[in-house]
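Here is a briefing on one protein structure. Read it with the model open beside the text.

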Amino acid sequence: MTRRRTTRTFRGTARNLARLASRLQDGDLVAVPTETVYGLAANALDARACARIFAAKGRPRTDPLIVHLQHVRQLSDVAAPNATALRLAKAFWPGPLTMILPKAAIVPEIVTAGGDSVAVRVPAHPLFRRLLAQCRLPLAAPSANPFGYVSPTTAAHVKEGLAGKIGYILDGGPARIGLESTIVDVRDPRRLRVLRPGAITAAQLRQASGCPVQDFAGATASSTQAQLAPGQLLQHYSPRAKVVLHEKLPPPSQLVATTGANAWLYFRRPAGAKRHPLHWLSADGSQAEAAHALFAKLRELDQRKCTAVHVELAPSGPLAIAINDRLRRAAAKG
Ligand code: TXA
Ligand code: MG
């Protein structure tokens with residue numbers, strides 16, 4: 001058992017960043033803001049520091065970590081990039097794209113779950129970038145939530161989940177995008193594969209790389225065991241409430257009255273909806289707004305002690321695959 005720690009949240013002042021950078025250099029953990037979701041960072045080259053990530057999250061060691069870099073120049077320190085990877089880096093970094101590449105020997109096995117590939121990304125959040133620059137280390141960081149729960153999009157979410165388990169949270173405000181990065185396997189440039197859908201779509205990857213891209217195939221029950229696509233566990237973003245998916249919810253006037261333990265989560269605010277138990281992800285149907293709101297909404301409904309949430313899937317649009325992937329996982333609870 002690790003001892004219980006006081007968890008403190010820091011604003012991004014120069015003094016705080018210097019202090020947090022030195023904590024990372026000493027092998028400690030720091031929760032960090034990114035443009036996608038908050039991450040729980042450690043020195044990616046220090047196996048003992050990375051082991052603390054798995055302990056704090058209760059994450060199985062079979063689930064590998066993403067390595068975050070300050071600049072694409074550091075890519076060949078941790079991975080063996082090909083020309084396609086460099087093209088994608090140029091198009092999308094800093095930003096919400098993680099690439100799977102052959103790993104460099106310097107990356108400890110715990111980061112890659114013993115595999116010979118490594119996940120790498122250059123994040124866009126300005127505070128995280130300053131921290132990366134100051135500590136001058138690649139930082140391994142999964143989402144900063146207890147394993148299996150909804151990813152955190154604010155510093156307060158991180159504290160709710162990991163208080164007592166970590167010492168430091170850097171507060172960079174609410175995550176701009178709100179969904180985890182797109183993960184693409186670029187080891188074979190003749191056939192790129194999207195392993196996790198995110199804000200960067202397969203069409204964008206196709207256009208920027210000039211390569212064929214196999215879009216996200218959907219999480220399957222059989223992939224829960226397979227190490228072919230680690231981390232593609234079907235149940236992975238689960239709120240405590242039971243999530244029931246609907247292609248389309250009926251208008252509020254047609255909902256059968258039930259107890260307050262039920263909630264209805266519309267994609268777009270329906271006419272006439274005012275308050276609980278009616279909720280929505282976006283006022284006007286914006287996909288970006290819905291993505292930004294999704295995880296916070298699922299957490300809110302848990303806090304309201306809803307036992308069942310009826311959720312409307314996103315209609316087609318740029319983020320629909322990514323949003324609906326997270327909703328299907330949330331609903332996949334056994
Ligand atoms: O947006 C993000 O990607 C956030 C922020 C913090 O950067 N991070 C994040 O990390 O979502 P995490 O650990 O929650 O999800 C990373 C996923 C996992 O499903 C993991 O299995 C997969 O990336 N992954 C890591 N290394 C891999 C590898 N070598 N091959 C295939 N999948 C890998
Ligand atoms: Mg995660």
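In strand β11, Gln214 is the bridge partner of Arg193. That contact belongs to the pairing of β10 with β11 (residues 213–214), which is parallel and spans two bridges. The model is a predicted one.

**The 11-strand sheet**

- An open sheet of 11 strands runs in the order β1-β8-β2-β3-β7-β4-β6-β5-β9-β10-β11. Its pairing is mixed.
- Strands β1 (8–11) and β11 are the edges, each pairing on one side only.
- Strands of a sheet pair through backbone hydrogen bonds, in either the parallel or the antiparallel sense.
- Helix α7 (residues 155–162) lies across β1, β2 (30–32), β3 (39–43) and β8 (168–171). The helix runs at about 165° to β8.

**Strand β10 and its partner β9**

- Strand β9 (residues 182–185) is joined to β10 by three bridges, and the two run antiparallel.
- Ile183 stands opposite Arg196 of β10.
- The link from β9 to β10 is a hairpin through six residues.
- Is β10 enclosed or open? Four of its five residues are buried, so the rest of the structure largely encloses β10.

**Strand β6 and its two partners**

- Strand β6 (residues 117–121) is mostly covered, with four of its five residues buried.
- With β4 (residues 66–68), β6 pairs in the parallel sense over three bridges. Here His68 stands opposite Arg121 of β6.
- With β5 (residues 97–102), β6 pairs in the antiparallel sense over four bridges. Here Val120 of β6 is the bridge partner of Met99.

**Helix α4**

- Which residues of helix α4 (residues 83–92) are buried? They are Thr84, Ala85, Leu88, Ala89 and Phe92.

**The four-strand sheet**

- Four strands form an open sheet in the order β12-β15-β13-β14, with parallel pairing.
- Its edge strands are β12 (242–246) and β14 (278–282), each pairing on one side only.
- Neighbouring strands of this sheet are turned against each other by 25° on average, direction ignored.
- Strands β13 (residues 262–268) and β14 run parallel and are joined by four bridges. Trp264 stands opposite Leu278 of β14.
- Helix α9 (residues 287–303) packs on this sheet and touches β13, β14 and β15 (308–312). The direction of α9 makes about 145° with that of β14.
- Helix α10 (residues 320–331) also packs on the sheet, touching β12, β13 and β15. The direction of α10 makes about 135° with that of β12.

**Nonpolar cores**

- How many residues does the largest nonpolar core have? It has 49.
- Those with the most contacts inside this core are Leu40, Leu97, Met99, Ile166 and Leu205.
- Helix α2 (residues 47–57) gives the largest share of this core, six residues.
- A second, separate core has 28 residues, including Val37, Tyr237, Ala263 and Leu281.

**Cysteines**

- The structure holds zero disulfides.
- Cys50 is in no disulfide, and the nearest cysteine sulfur, that of Cys135, is 12 Å away. The cut-off for a disulfide is a pair of sulfur atoms within 2.5 Å.
- Is Cys50 buried or exposed? Cys50 is buried, because its relative accessible area is 0% and the cut-off for buried is under 20%.
- Cys306 is buried too, with a relative accessible area of 5%.

Technical notes
Residues numbered from 1 in each chain as written. Chains lettered and ligands numbered in written order. Predicted model: local features only at pLDDT ≥ 70, side-chain atom pairs only at ≥ 80, totals over all residues. Heavy atoms only, no water. Buried < 20%, exposed > 50% of the residue type's maximum accessible area, 1.4 Å probe, protein only. Core = buried A, V, L, I, M, F, W, Y, C linked by side-chain atoms within 4.5 Å. Pairing = 2+ DSSP bridges. Axes fitted to C-alpha atoms, helices over the stretch in contact; angles between N-to-C directions. Contact = heavy atoms within 4.5 Å.
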